[in-house]
Amino acid sequence: MRAKVVAGNWKMNNDQAATVALIDALKTKPSKAEVSVKIAPATVHLAQAVEALRDSSIEVMAQNMHAAENGAFTGEVSAQMLKSIGVTTTILGHSERRAYFNETDAALSQKVNTALGHDMEVVFCFGEELEDRQSEKHFEVVKQQLQDGLFHIDAAAWDKIILAYEPVWAIGTGETASPAQAQEMHAFIRQTLSDHYGQPVADKVAILYGGSVKPSNAKEIFSKPDVDGGLIGGASLDADDFFAIVHAI
Ligand code: PGA
């Protein structure tokens with residue numbers, strides 16, 4: 001059985017008081033067996049979040065990290081820094097990082113190497129833009145992102161990778177891929193993995209869907225056989241909505 005994962009990406013939201021309040025609210029929610037729940041607060045609140053969730057099954061992730069071990073990279077955070085406060089998972093390659101901070105798949109492949117070198121888990125995000133889909137290049141674009149960002153790693157390293165397919169046109173827009181579109185792409189991603197690494201690797205990698213997942217649409221999306229959970233933006237900022245999504249699996 002593949003892991004089921006619901007991960008909340010808080011992005012640049014919530015000051016310290018709001019972070020504490022949301023974590024307190026999340027802790028009151030009943031967990032769901034076999035669903036791994038993760039949240040990614042802002043970097044500045046990660047240490048506090050780890051402490052607050054010490055006795056909880058909710059795991060804390062970083063939203064990003066730098067590829068270098070340390071050095072003159074003003075404003076950046078390293079894998080070692082994250083590990084030293086108890087953060088062992090990072091999101092990499094979110095479309096906002098790609099769009100606003102010029103992160104390329106080549107640069108992301110370096111970050112992946114660094115994370116794996118520190119035995120960290122990676123939630124690797126990728127997905128096509130609207131014009132790619134309109135010109136029917138979406139499969140090609142997604143395959144290229146996987147090849148350039150991840151296909152240099154060896155088969156064993158996939159134990160540490162969670163994929164998050166997020167069509168850019170569906171992120172924060174209220175627009176969602178239909179459950180059929182999500183399934184079609186997730187099946188393609190799994191086939192692409194199988195072609196390169198073989199079926200056993202493809203079968204064990206969790207592939208999350210992200211892009212305007214809400215309590216009202218989660219159940220149908222999660223009912224698809226190749227959708228193993230979700231990466232949730234806006235709806236992860238509300239404890240009731242987030243846990244309604246957790247329980248929709
Ligand atoms: P959204 O964001 O749920 O607000 O569309 C998803 C994401 O960016 O991971």
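This talk goes through the salt bridges and the nonpolar cores of one predicted model.

Some ground rules. Because the model is predicted, local features need pLDDT of at least 70 and side-chain atom pairs count only at pLDDT 80 or more, while totals for chains, interfaces and linings use all residues. Residues are numbered from 1 along each chain as its sequence is written, and side-chain values use heavy atoms, with hydrogens and water left out.

Salt bridges come first. Side chains of opposite charge can pair when their charged atoms come close. The cut-off here is a side-chain nitrogen of Lys or Arg within 4 Å of a carboxyl oxygen of Asp or Glu. On that basis, searching the whole structure gives 14 salt bridges.

One of them joins E96 to K11, at 2.8 Å from N to O. This pair links distant parts of the chain, 85 residues apart: E96 sits in helix α4 (residues 95-100), and K11 in the loop between β1 (4-9) and α1 (16-27). E96 is partly exposed, at 22% relative accessible area. For that scale, buried is under 20% relative accessible area, exposed is over 50%, and partly exposed is in between, with a 1.4 Å probe and protein chains only.

Next, K38 and E59 form a salt bridge at 2.6 Å, N to O. Here the pair links strand β2 (residues 35-40), which holds K38, with strand β3 (residues 59-60), which holds E59, and the two residues are 21 apart. K38 is buried at 3%, whereas E59 is partly exposed at 22%.

What does R190 pair with? Its partner is D226, at 2.6 Å from N to O. R190 lies in helix α8 (residues 179-197) and D226 in the loop between α10 (215-222) and β8 (229-232), so the pair ties together parts 36 residues apart in sequence. Both ends are buried: R190 at 5% and D226 at 13%. Through shared partners, salt bridges join R2, R190, D226 and D228 into one network.

Now the cores. A nonpolar core is a set of buried Ala, Val, Leu, Ile, Met, Phe, Trp, Tyr and Cys residues joined through side-chain atoms within 4.5 Å. The largest has 64 residues, and those touching the most other members are L26, L150, W158, L163, I189, Y209 and F222. With contact meaning heavy atoms within 4.5 Å, and leaving aside residues up to four places away in sequence, W158 touches L150, F151, I153, L163, L193, Y197, V201 and V205. A second, separate core has 12 residues, including V5, A40, V123 and A206.

Conventions:
Helices (H or I, at least four residues) and strands (E, at least two) are DSSP runs, numbered from the N terminus.
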